[in-house]
Amino acid sequence: MSSSDSLTITRPDDWHVHLRDGETLPHTVRDIARYFGRAIVMPNLVPPVVTVQDAAAYYERIKREVPEASQFEPLMTLYLTEQTRIEAVRQASNDELVHAFKLYPAGTTTHAEFGIRSIESSYPVFAEMEKQEIPLLLHAEVNTDDVDIFDREAVFIDRHLIPLTRQFPDLRIVFEHITTTTAVQYIEATFDKVAATITAHHLMYNRNDMLAGGMRPVYYCLPILKRKQHQQALLKAATSGNPAYFLGTDSAPHPRSTKENSCGCAAGCYTAHAALELYAEVFEGLGKLDRLENFASHFGADFYGLPRNSDTIKLVKQSWDVPDTISFGANELVPIKAGQQVAFKVVPE
Ligand code: DOR
Ligand code: ZN
């Protein structure tokens, strides 16, 4: 199907995205619905999406923004809090819009203040998820002062993920936005029940891009970018053909004013304006463009037990300019690759 300047693949899905709400929603939905068939929509609104009723209402707000020509379907998730009860897991597993629960350890990232302080106290809820076969999506970082920010993911694996998977061997887990060689080694050893999403920005950049020669807020996200050897492990994993790894952009919009801010920088990179195209650049750079389709369009659906999309999209090798800023209602946002070129474009077939 592929020649050097064009590639036709099964329609891709994004297995991790932040669409937000209110005036941001028309913009994020426009970008994500451009060619993605489905997306796992993160529940970290304020207040968070915690019940099936919250998810249904949010689903409707998203659907209202989907352009007529797009068949985009949001796949909803619920935010796990310390108040989540077994009954909520049963309701979610019987609900056709809800596909997973998201666990944020309290304080680890944007709007994680409603999250879990003691993972062990949620064990009864995990037992029910295991029984109902509903996936648990993990923001896999600890958030304690004794742990360096660059070690937060690796420490989470030791302190929480290994005990969790021992206790619940059949629980289906997505280790979201992995960033380290430790995570890759962990997935290689446990795949079947534990899969992982990989973002475009963690494939494209390492911490030098963010910190060397000046601090660049556009690259600040959580989990934070790591050193180059970790980036290389992610590149190898994403292009390996192992079905444990699939596309999840973690595209997360923040206004420029909250990122370029002397009192702290909001965590999140916006990639939805060019998501598949950025992954295509990465895969092509490694001579592995033939592996993009499985990563972007097959392995995620297989893991979630959903059918693969039945139609296709076409990517062409055609450079285009990413604007310096994108306007988002009253705000402006600096996207990844602002003011630079992207080498691929999805075009109508
Ligand atoms: O960088 C991030 N931004 N990481 C997350 O986990 C959340 C996200 C957001 O919602 O902005
Ligand atoms: Zn996220």
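How far does a polar side-chain atom of Asn 44 lie from an oxygen atom of ligand 1? Select both and you will find 2.9 Å between them, a polar contact in the sense of a pair of N or O atoms within 3.5 Å.

Before moving on, note that this is a predicted model, with local features needing pLDDT of at least 70 and side-chain atom pairs counting only at pLDDT 80 or more, while totals for chains, interfaces and linings use all residues. Residues are numbered from 1 along each chain as its sequence is written, chains are lettered from A and ligands numbered from 1 in written order, and side-chain values use heavy atoms, without hydrogens and water.

Stay with ligand 1 and select His 254: an N or O atom of its side chain is 2.8 Å from a ligand oxygen. Then pick Ala 267, where a polar backbone atom lies 2.9 Å from a nitrogen of ligand 1. Taken alone, ligand 1 exposes 290 Å², and the protein buries 100% of that (Shrake-Rupley method, 1.4 Å probe).

Next, go to the zinc ion, ligand 2. Show His 16 (NE2), His 18 (NE2) and Asp 250 (OD), which coordinate the zinc ion at 2.0 to 2.1 Å; donors are N, O and S atoms within 2.8 Å of the metal (3.2 Å for Na, K and Ca), and water is not among the atoms, so sites may look incomplete. Along the sequence, the spacing of these donor residues reads H-x1-H-x231-D.

Finally, colour by accessibility: His 16 counts as buried because its relative accessibility is 1%, and His 18 does so at 6% (buried means under 20%, exposed over 50%, partly exposed in between; 1.4 Å probe, protein chains only).

Note on methods
Polar contact = N/O pair within 3.5 Å; in protein donor to acceptor, adjacent residues only side chain to side chain.
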